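Below are some notes on one strand pairing and on the aromatic contacts. Please read them alongside the model.

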Amino acid sequence: DENMGFDLGHTISSVSKLELRTKRRIDKNNESNIKVYELWWDHTYRAYETLTKRGYKTYEFEGKPVENREFDLFCLSEHKDEINKPIGDVVSSINTSCYIINEKAYKILYPYLKNHSQIFRLKNENKIFYVINVIDVIDCLDYEKSELKLFPSSGRVMRVIKYAFRTEKLKNATIFKLPEFPNGISYVTEEFKKIVEENNITGFKFKEL
């Protein structure tokens, strides 16, 4: 009987361990299924430019909140290659370190932006736009599995040839930056992409990594 008790306990313990292992594997699969995209501008939509030559500098950010920022105003590009393009919901080509969106896009994306960015309301040519400074910087680049080009002098990452992410760090992410490129573009997860596509927000382009 004692042996039987031991065996039963041992069996329960084995089943629990198996369940735990299975659960971990499922969780791990779910984590590794997290898709990440670079968030670019869709150049089939019309570009914008700032009114002054160096105005784009006022839209430069480095992955952290800023105070009292005055933005240069912008207008649609009159370049011959741009004039016939449709106007999207995203103001493109001003600066790679931030995004500028119209009211339609803002109303839809606000729940996905609010905990991850600093948002400025901007009146431009009697229309309201929102400047998105992404401040959620996540150290999630997997150096071992990524293919990286490093600066020889400092060993810092110059560019990423092939991305691999530590996806366990991206469970609550929607839009984020990498500490390696705080003044570069942002990255988004599938959830963000889905919301953009389902609501026909025009002017974003997603590059899967």
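1. In β9, K162 is the bridge partner of E147. Strand β8 (residues 147-150) and strand β9 (residues 157-162) run antiparallel and are joined by four bridges. Strands here are DSSP runs of E, at least two residues, numbered from the N terminus, and two of them pair if DSSP finds at least two bridges between them.

2. The model is predicted: local features need pLDDT of at least 70 and side-chain atom pairs pLDDT 80 or more, while totals for chains, interfaces and linings use all residues. Residues are numbered from 1 along each chain as its sequence is written, and side-chain values use heavy atoms, with hydrogens and water left out.

3. β8 and β9 form a hairpin with six residues between them. In the turn, G155 has a positive phi of about 80°.

4. Rings of Phe, Tyr and Trp (its six-membered ring) pair if their centres lie within 6.5 Å; planes under 30 degrees apart count as stacked, over 60 as edge-to-face and the rest as tilted. The count by this rule is 19 aromatic pairs. F61 and F71 have ring centres 6.4 Å apart and planes at 55°, so this pair is tilted. Both residues lie in the loop between β2 (48-50) and β3 (74-76), 10 residues apart.

5. Buried means under 20% relative accessible area, exposed over 50%, partly exposed in between (1.4 Å probe, protein chains only). F61 counts as buried at 1%, and F71 counts as buried at 14%.

6. F176 and Y187 form a stacked pair, 5.8 Å centre to centre with 25° between the planes. F176 is in strand β10 (residues 175-176) and Y187 in strand β11 (residues 187-189). Both F176 and Y187 are buried.
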